[in-house]
Amino acid sequence: MTSSLLPTYARAKVSFERGEGAWLVARDGSRYLDFGAGIAVNALGHAHPHLVAALTEQAQKVWHVSNLFEVPDGERFGERLVAATFADVAFFANSGAEANEAAIKMARKYHAAGGHPERFRIVTFEGAFHGRTLATIAAGGQQKYIEGFGPKVEGFDQVPYGDLEALRTAITPETAALMIEPIQGEGGVRVVTPEWLRALRGLCDEHGLLLIMDEVQTGIGRTGKLFAHEWSGVTPDILSAAKGIGGGFPLGACLATAEAARGMTLGTHGTTFGGNPLAMAVGNAVLDVVLAPGFLEHVRQTGLLLKQRLAALKDRHPDVITEVRGEGLMMGLRLSVPNTDFAAAARTEHLIVIPAGDNVVRLLPPLIIGEAEVAAALDRLEAACSALEVRGAAE
Ligand SMILES: *Cc1c(COP(=O)(O)O)cnc(C)c1O
């Protein structure tokens, strides 16, 4: 059957009709354990009663009014994010790329407002992923996303992760900011060390640059802290969030200190959909759960259990898994078989995992999982590894 959809995705031949917690139910009734969570989006799993109630309640009142009017739930959502983080202000968008666009514009405008419009360049890191808009593909620097789309948006300089000399050289009088994911997600669950983040903070302070953290994938409890940078003790000036923040509803946020946001005055930025009442109702409901006492501790403990079990799995299957990486419930398995083969083998066992760069598969389960789901996932991973070994031996 030919599809009417643009063929930019190689979709797995399965479609899901409903979900419940960490499980997805396909049209034929078969159940899949969802350790992908729609790419780290379904932070509270599927059909979480508190989110369903918030969405349906708001849906019967008002969905959208535009940002020409006050949105009380948006004020409240902003206040709660500010109270829980380094930030003084929030801007709401609909996606990660849009949150990053706001972050990039804010960093440039900060310097323009300070009398230095020539400072507009942003240094990013190899393996980064910041989205698919024209500016964010330039920020991510991956040739496969840039090629064929005309001149690359000017103003992004990329350096290898961990190369302090290259970073120092890349910082010029035109540099506005450094931008980094605390753990590279699409890049292959590559964890950035606290030392490197401290080095970036130091360079920013030394040169008057802003530090932008892209926490679109790592944020909202994914690593066992509300935001992953909290593990390092290093504070950004600007932060982007999305993915888990709406629990499956399209929502993004750009958080910033008042100082970093000084240029973003009346009329300098906007969005039609961002922060609408429906999104804000769901965002607040996600925070109700994630900020409840004990929730992040539960993520940390479940993450630790998962990491230990994965390390043991790697020891049993060293010819399939070469490395276990990650923090909390953002784990990666580096493989010696193609990651797409591994994801397919896992899917045969009715377990969903997600390929990433560096020949890694990501495990990004809903944050609500417990020991039972970890055990069920490990059984399926074990079976997938064995199947891949049998196949490898037969070749
Ligand atoms: C997914 C992702 C984005 C892009 O988010 P979209 O919602 O797809 O625009 C940006 N940065 C990081 C780190 C991501 O993981």
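**Notes on the ligand site and annotated positions**

1. Lys243 touches Ile39, Ala40, Val41, Glu186, Val216, Gln217 and Leu251, not counting residues up to four places away in sequence, where a contact means heavy atoms within 4.5 Å. UniProt lists Lys243 under "modified residue: N6-(pyridoxal phosphate)lysine", in an unreviewed entry; UniProt positions are given in the numbering used here, feature names are shortened, and annotations may be inferred rather than shown by experiment. Lys243 is found in the loop between E11 and E12, the helices (H or I, at least four residues) and strands (E, at least two) being DSSP runs numbered from the N terminus. With a relative accessible area of 18%, Lys243 is buried, given that buried means under 20% relative accessible area, exposed over 50% and partly exposed in between, with a 1.4 Å probe and protein chains only.

2. On the basis of the values: this is a predicted model, in which local features need pLDDT of at least 70 and side-chain atom pairs count only at pLDDT 80 or more, while totals for chains, interfaces and linings use all residues. Residues are numbered from 1 along each chain as its sequence is written, and side-chain values use heavy atoms, with hydrogens and water left out.

3. Which residues surround the ligand? They are Ser95, Gly96, Ala97, Asn100, Phe129, His130, Gly131, Glu181, Asp214, Val216, Gln217 and Lys243, a residue being near a molecule if one of its heavy atoms lies within 4 Å of it. Helix H4 (residues 96–113) gives the largest share of this shell, namely three residues.

4. A nitrogen atom of the ligand lies 2.7 Å from a polar side-chain atom of Asp214, and a backbone N or O atom of Phe129 lies 3.3 Å from a nitrogen atom of the ligand. An N or O atom in the side chain of Gln217 is 2.7 Å from an oxygen atom of the ligand. Of the 380 Å² of accessible area that the ligand has on its own, the protein covers 81%; such areas come from the Shrake-Rupley method with a 1.4 Å probe, and for residues only the protein chains shown count as cover.

5. For "binding site", again in an unreviewed entry, UniProt lists Gly96, Ala97, Phe129, Asp214, Glu215, Val216, Gln217 and Thr272. These positions span 177 residues in sequence and their farthest two C-alpha atoms are 25.1 Å apart, so they do not all gather at one spot.

6. Two members of that list may be set side by side. Glu215, in the loop between strand E10 (210–214) and strand E11 (238–241), counts as buried at 0% relative accessibility, and its side chain reaches the backbone nitrogen of Ala228 at 2.7 Å. Thr272, by contrast, is exposed, with a relative accessible area of 53%; Thr272 has its place in the loop between E12 and H9 and, leaving aside neighbours within four places in sequence, is in contact with His64, Ser66 and Asn67.

7. UniProt also places a "binding site" feature (unreviewed entry) at Arg132 and Thr271. Of this set, Thr271 is taken in by the lining of the second largest pocket; on a 1 Å grid over the protein atoms alone, a pocket is an open set of points where a 1.4 Å probe fits, with protein on both sides within 12 Å along at least five of seven lines, and lining residues have an atom within 4 Å of a point. A polar atom of the side chain of Thr271 lies 3.4 Å from the backbone nitrogen of Phe273, and Thr271 is in contact with Asn67, Phe91, Phe92 and Asn94, leaving aside its neighbours within four places in sequence.

8. Is Arg132 buried or exposed? Arg132 counts as exposed, at 55% relative accessibility, and is found in the loop between strand E5 (121–125) and helix H5 (134–140). Not counting residues up to four places away in sequence, Arg132 touches Ala97, Ile137 and Tyr145.

Terms used:
A polar contact is a pair of N or O atoms within 3.5 Å; within protein, one must be able to donate a hydrogen and the other to accept it, and residues adjacent in sequence count only if both atoms are side-chain atoms.
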